[in-house]
Amino acid sequence: MKLLEERILSDGKVLPGGILKVDNFLNHQIDTALLYEMARELHRLFGGEGVTKVLTIEASGIAIAAMTGYVFGCPMVFAKKSKTKNLSDRVYSAEVESFTHGNTNTVLVSKDYILPGDRVLIVDDFLATGAALVGLKALCEQAGATVVGAGIAIEKVFQGGGDKLRAEGLRVESMARIAEMSDDGLTFC
């Protein structure tokens, strides 16, 4: 998606350790007009799949997933990274390693929100190693739901997660695909 690539080039910052900082428009401060266009692009790509739920993981995927749910006209669900007092014990759970945070979380979704027969589109801001998508897909499988695919804002192709998931049969559509990053900048595929 040219609009997103242009925004990454103009406002993104490459940090040491393979980190792309886009928090001034995508996942801390949100450019809602850009988010809307991204959600429309995901609808163009997955609109014929009968999506009944959009699923993401807290926290940085919530904004794009919420807008995507709005455009699809269906609920958005997010996997929580910790058990809260108001979450019952009736949950699906999966372990997810975070590349950015360098830790592992047990993510949880209430059994009330992902149901057998749901057709789920997984949405996230980044795809690096693919661990978040694997965990979210596992939650859907526990529920008996069908994952129709994954819509990603930015894929770091050089980290291999997208290729691995595609080889396993998951449809992954990324709106910006980065081939390489260095202190000098980045290159799109």
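**Terms and their grounds**

Reply: Just after helix α3, glycine 73 takes a positive phi of about 70°. Helices (H or I, at least four residues) and strands (E, at least two) are DSSP runs, numbered from the N terminus. This is a predicted model, in which local features need pLDDT of at least 70 and side-chain atom pairs count only at pLDDT 80 or more, while totals for chains, interfaces and linings use all residues. Residues are numbered from 1 along each chain as its sequence is written, and side-chain values use heavy atoms, with hydrogens and water left out.

Me: Why is aspartate 124 called buried?

Reply: Buried means under 20% relative accessible area, exposed over 50%, and partly exposed in between (1.4 Å probe, protein chains only). Aspartate 124 has 5% relative accessibility and therefore counts as buried. This residue lies in strand β7.

Me: Which residues does aspartate 124 touch?

Reply: Contact means heavy atoms within 4.5 Å. Not counting residues up to four places away in sequence, aspartate 124 touches Thr56, Ile57, Gly61, Ile64, Ala132, Gly151, Ile152 and Ala153.

Me: Which residues of helix α3 are buried, and what do they pack against?

Reply: In α3 (residues 62-72), Ile64, Ala65, Met67, Thr68, Gly69 and Phe72 are buried. The buried residues of this helix pack against α2 (32-46), β3 (53-57), β4 (76-79), β7 (119-127), β8 (146-156) and β9.

Me: What makes β9 and β10 a pair?

Reply: Two strands pair if DSSP finds at least two bridges between them. Strand β9 (residues 172-182) and β10 have four bridges and run in the antiparallel sense. A hairpin of two residues joins β9 to β10, and glutamate 180 stands opposite threonine 187 in β10. Four bridges also join β3 to β4, and these strands run parallel. Threonine 56 stands opposite phenylalanine 78 in β4.

Me: Which residues form the covered and uncovered faces of β4 and β10?

Reply: In a regular strand the side chains alternate between the two faces of the sheet. In β4, Val77 and Ala79 are on the covered face, with Met76 and Phe78 on the uncovered one. In β10 (residues 185-188), Leu186 and Phe188 are covered, whereas Gly185 and Thr187 are uncovered.

Me: Why does the radius of gyration agree with that of a compact globule?

Reply: The radius of gyration is taken over C-alpha atoms, and the globule rule is 2.2 Å times the number of residues to the power 0.38. For 189 residues, a compact globule would have a value near 16 Å; the chain has 16 Å, so the two agree.
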